[in-house]
Amino acid sequence: MSHQTSAPSTQPLLQPVQLGALKLPNRVVMAPMTRARASNEELAPTALHATYYTQRAGAGLIISEGTWVSTDAIGFINVPGIYTDAQTAGWTKVTEAVHSVGGRIVSQLGHVGAASHPDHHGGRLPAGPSAINPHEMSFTPDGPKDSLTPRALSAAEIATTISTYRQAAANALRAGFDGLEIHAQVSHLVAQFLNPRLNQRTDAYGGSSEKRAQFLFDVVDAVSSVWGSDRIGIKLSPYWNHGPAFTADAETLDEYDQLLKRLNDSNLAYLHLLGPEPDTGTDDTLTAFTRYRAHYHGAVIANLGFTQASGNEILERQLADAVSFGAPFIANPDLVDRFTNGHPLAADNRDTHFAGGAEGYTDYPAVTGSA
């Protein structure tokens with residue numbers, strides 16, 4: 001559980017909280033969102049990224065968009081990385097800008113694994129835990145394309161991949177981030193290793209739920225060798241339903257229950273957990289987070305579809321310690337001020353989510369009079 005600092009009586013979302021070593025002035029977290037604005041050959045963040053994140057620094061914590069840990073990690077166009085000096089320099093300008101206005105920002109480290117496409121890798125097949133097509137979609141320079149049957153990672157390639165997470169963690173530290181989040185959700189590489197339909201290995205990384213989780217634990221160990229574990233979070237999506245491979249059935253949920261129990265020993269800053277999507281025939285949000293809380297005793301950031309009212313409710317029920325908001329932050333850079341003062345939320349333009357440039361990215365105004 002998190003350490004709750006004293007605060008005046010107010011709505012729970014606006015109360016301070018401590019997640020590991022991260023001290024947050026409020027519990028409104030900006031969720032990681034791919035916005036496809038790194039439209040340069042280096043895949044480096046630019047001054048536009050610095051403006052975008054700084055505008056939203058009123059959040060208790062900003063979690064960056066998922067950033068590639070290597071060229072092999074790439075699966076979508078115009079998403080920045082954190083594996084080169086140029087990328088690290090770009091992120092340094094972002095963190096300096098966010099810190100200059102009193103914000104906090106952590107770097108989310110990502111790798112899409114088998115959900116990528118050869119168009120991102122000079123014609124080479126992407127690699128995953130096993131040579132099994134995840135049946136996902138990759139956004140390539142020529143538009144969206146279906147994933148193919150990948151190569152199976154060799155033991156040596158797994159070791160190399162883990163080392164890229166370690167180097168990315170070192171780059172994030174050098175860039176001035178306040179911590180890290182490991183992207184282990186939806187259909188990307190870590191989730192592929194956890195999935196028995198996509199991971200049919202017979203070595204140390206497959207064959208049982210414990211062995212399928214070994215890749216994640218090795219990544220945690222790698223980044224913890226650079227950062228203290230109390231500045232590291234993990235984002236997981238036990239209820240993710242997508243395509244033939246990802247099904248939130250009883251067996252899958254039970255395996256995630258066991259994973260959450262094991263993660264109690266990792267002394268993390270937090271787990272960032274997605275609830276179920278509505279109308280999928282699985283548990284409702286409160287049931288899901290009650291289940292999470294029964295197995296994981298550290299700090300939890302709740303994610304997926306929360307409103308101000310439902311965010312306050314889940315905090316009041318003590319089923320989470322903070323709540324992350326994605327889409328509401330797109331058109332409402334001053335989201336915390338709007339929650340504080342009761343201002344209505346602006347609507348975002350979906351056509352500009354991944355369009356590139358400032359339109360629909362940094363041109364959403366704050367409410368007049370908001371900080």
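## Pockets

A pocket is an open set of points on a 1 Å grid over the protein atoms alone, with protein on both sides within 12 Å along at least five of seven lines; its lining residues have an atom within 4 Å of a point. Grid points are joined across faces, edges and corners, and a volume is the space filled by probe spheres set on the points. This is a predicted model: local features need pLDDT of at least 70, side-chain atom pairs count only at pLDDT 80 or more, and totals for chains, interfaces and linings use all residues. Residues are numbered from 1 along each chain as its sequence is written, and side-chain values use heavy atoms, with hydrogens and water left out.

The largest pocket has a volume of about 1400 Å³. Its lining counts 45 residues; Pro32, Met33, Thr34, Val186 and Phe354 lie nearest the centre. Two or more lining residues come from each of strands S4 (61–68), S5 (105–110), S7 (137–140) and S14 (322–325), and from helix H10 (327–331). Helices (H or I, at least four residues) and strands (E, at least two) are DSSP runs, numbered from the N terminus. By class, the lining has 22 nonpolar, 17 polar and six charged residues. Here Ala, Val, Leu, Ile, Met, Phe, Trp, Tyr, Cys and Pro count as nonpolar, Asp, Glu, Lys and Arg as charged, and the others, Gly among them, as polar.

The second largest pocket holds about 230 Å³ of space. It is lined by 16 residues, with Asp72, His111, Arg151, Leu153 and Thr161 closest to its centre. Helix H3 (residues 155–174) gives the largest share of this lining, four residues. The lining of the second largest pocket divides into five nonpolar, seven polar and four charged residues.

Rolling a probe the size of a water molecule over the atoms shows where empty space is left. A cavity is a set of points where a 1.4 Å probe fits but cannot get out. The structure holds one cavity of 30 Å³ or more. The largest cavity has about 240 Å³ of space.

Lining the largest cavity are 21 residues, and Leu194, Asn195, Thr252, Glu255 and Tyr256 lie nearest its centre. Helices H4 (189–194), H5 (209–212) and H7 (250–263) each supply at least two of the lining residues. H7 has the largest share, six residues. The cavity lining has ten nonpolar, six polar and five charged residues.

## Barrel

Eight strands form a closed barrel with parallel pairing, in the order S3-S4-S5-S10-S11-S12-S13-S14. Two strands pair if DSSP finds at least two bridges between them. The twist averages 25 degrees from one strand to the next.

S12 (residues 270–274) and S13 (residues 300–303) pair in the parallel sense over four bridges. Leucine 271 has valine 300 in S13 as its bridge partner. Helix H9 (residues 308–316) lies across S13 and S14 and runs at about 155 degrees to S14. Contact means heavy atoms within 4.5 Å. Axes are lines fitted to C-alpha atoms, for helices over the stretch in contact, and angles run from 0 to 180 degrees between N-to-C directions.

## Hairpin

S7 and S8 form a hairpin with two residues between them. Four bridges join S7 to S8 (residues 143–146), and the two run antiparallel. Phenylalanine 139 stands opposite proline 144 in S8.

## Domain record

UniProt, in an unreviewed entry, places the feature "domain: NADH:flavin oxidoreductase/NADH oxidase N-terminal" at residues 13–344. Its annotations may be inferred rather than shown by experiment. The span 13–344 is 34% helix and 17% strand, and its end C-alpha atoms lie 16 Å apart.
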